[in-house]
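Try each task yourself, then follow the solution step by step.

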Amino acid sequence: MVGEQEMAPPKGEPILELKDVRVSFHTYAGEVRALNGINLTLYKGEVIGLVGESGCGKSVTAATIVGLLPENGEVKSGQIIFEGVDLLKKSKKEIRNLRSTKIAMVFQDPMTFLNPVLTIGEQLREVFTIDKKRLAQAALDYDLRRLKEEERDARDEAQSAKIRARIAELEGLRGNPPLPKRRRRRHVLDSLAAEALKKMRIPDAERIITEFPHELSGGMRQRVMIAMAIARDPDLLIADEITTALDVTIQAQILELLKILREEFNSTIMIITHDLGVVADLCDRVAVMYAGDVVEFSDARGLYQKPLHPYTQGLLRAVPRLTERPTMLESIPGSVPDLIYPPPACRFNPRCPYAWDLCRQKKPELLEVEKGHYTACHLYTEGSKRPSPS
Ligand SMILES: Nc1ncnc2c1ncn2[C@@H]1O[C@H](COP(=O)(O)OP(=O)(O)O)[C@@H](O)[C@H]1O
Ligand SMILES: [Mg+2]
């Protein structure tokens, strides 16, 4: 029964809900229908994987959530409910504000994120300075930590009692901590910056703080970027292909780091990758996208053990094993379609070994086929029956 419990879908409150979200891009060639009405729910504290071949709409999904669609992008319809409010109804300014406080995003290329002319320390200090309340809070935490260490090393009971009194006094300020004085601020900020780096297992944080982004290795830059995102203590962290450009050893280190993060850091994480192998033992649940649709969504174990959608089955066959290295093309013939003229109804139908008339006539809905396991495929739609091959 223990196993069943582990497999139970996450309980609790949804933090983010995408409801029938449609996004198009306007191009000279025509309208690119990039998101075709997607539905997704993320619960507080879970780690979700968003997977699919390149061009399936993963990055567009992320950009839509954080309000960073390029100029030619348009949200045609739908809702994105984040902590109870519809992000699509918010102004650009409000979204920007949310982005700097509650939702953080990290990308494949840290150089687009890091400022080349500022040292890592300067950039991290900026992160902590943006939000005055958080800075005050952080300064208070910093003082409390220091005092607790002092108390541990206290000479005698009298000194220890004195420190405890000071701790109690500071604890009293929790609700409304004062901003640290200018002179102290720099010190607090530096120590916060170093600490943020240490959380990312960066060994010589004090030195890294003095360096510029171009002086760091790719893997180190990636760690610094994640550190900066985490430093803001976001409620939701979106990581888009952050291990893709790294070589295999560094990739493994970053994944290991994400695993630590998911234990220590109590927020919701969305990991976007084209590589199903990456998310296997990192995610609670996995959503599979194909050509602008979420075609399967399940707890990770259910997805790997019993993929329902023919596309997911193909993707899993393409995950390289030690002995063989099949390519995606061998496994799923064809490629992601042109989204200006997408295939009718189920967008996967031209590549699907099981497709029949219905798949070209009616778009399958995302349905719960097994407990907590959703798929959008007529093989599982009630009342539909695939004609037996003659
Ligand atoms: N600015 C844009 N203009 C036109 N089409 C775009 C733009 N950005 C993305 N697309 C198209 O949207 C689709 C989804 O892209 P994307 O989300 O980047 O895929 P993924 O991240 O899954 O590789 C692709 O067909 C892509 O060509
Ligand atoms: Mg992408």
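**Exercise 1.** Find the volume of the second largest cavity and sort its lining residues by class.

*Solution.* Step 1: the second largest cavity in this predicted model has a volume of about 30 Å³. A cavity is a set of points, on a 1 Å grid over the protein atoms alone, where a 1.4 Å probe fits but cannot get out. Its volume is the space filled by probe spheres set on the points, with grid points joined across faces, edges and corners.
Step 1: the lining consists of Ser100, Val127, Ile130, Asp131, Arg134 and Arg232; lining residues have an atom within 4 Å of a point.
Step 2: sorted by class, these are two nonpolar, one polar and three charged residues. Here Ala, Val, Leu, Ile, Met, Phe, Trp, Tyr, Cys and Pro count as nonpolar, Asp, Glu, Lys and Arg as charged, and the others, Gly among them, as polar.

A note on the ground rules: residues are numbered from 1 along each chain as its sequence is written, while chains are lettered from A and ligands numbered from 1 in the order in which they are written. Because the model is predicted, local features need pLDDT of at least 70 and side-chain atom pairs count only at pLDDT 80 or more, while totals for chains, interfaces and linings use all residues; side-chain values use heavy atoms, leaving out hydrogens and water.

**Exercise 2.** Describe the lining of the largest cavity.

*Solution.* Step 1: the structure holds two cavities of 30 Å³ or more, and the largest has a volume of about 80 Å³.
Step 1: its lining has 15 residues, and Cys346, Cys352, Cys359, Cys377 and His378 lie nearest its centre.
Step 2: twelve of the lining residues are nonpolar, three are polar and none is charged.

**Exercise 3.** Which residues touch the most other members of the largest nonpolar core?

*Solution.* Step 1: a nonpolar core is a set of buried Ala, Val, Leu, Ile, Met, Phe, Trp, Tyr and Cys residues joined through side-chain atoms within 4.5 Å. Buried means under 20% relative accessible area, exposed over 50%, and partly exposed in between (1.4 Å probe, protein chains only).
Step 1: the largest core has 103 residues, and Leu16, Leu197, Val224, Ile238, Met270, Val286 and Tyr311 touch the most other members.
Step 2: helix H9 (residues 218–231) is the top contributor, with nine residues. Domain 1 and domain 2 both give residues to this core, so the core lies between them.

**Exercise 4.** Are His373 and Asp284 buried or partly exposed?

*Solution.* Step 1: His373 lies in strand E12 (residues 373–375). With a relative accessibility of 3%, His373 counts as buried.
Step 1: Asp284 is in the loop between helix H11 (276–279) and strand E9 (285–290). With 26% relative accessibility, Asp284 counts as partly exposed.
Step 2: leaving out residues up to four places away in sequence, the contacts of His373 include Glu296, Phe297 and Ser298, and those of Asp284 include Gly45, Arg262 and Ser298.

Notes: Helix = DSSP H or I, 4+ residues; strand = E, 2+ residues; numbered from the N terminus. Domains from an automatic or database assignment. 1 Å grid on protein atoms, 1.4 Å probe; cavity = no way out; pocket = protein on both sides within 12 Å on 5 of 7 lines; lining within 4 Å. Contact = heavy atoms within 4.5 Å.
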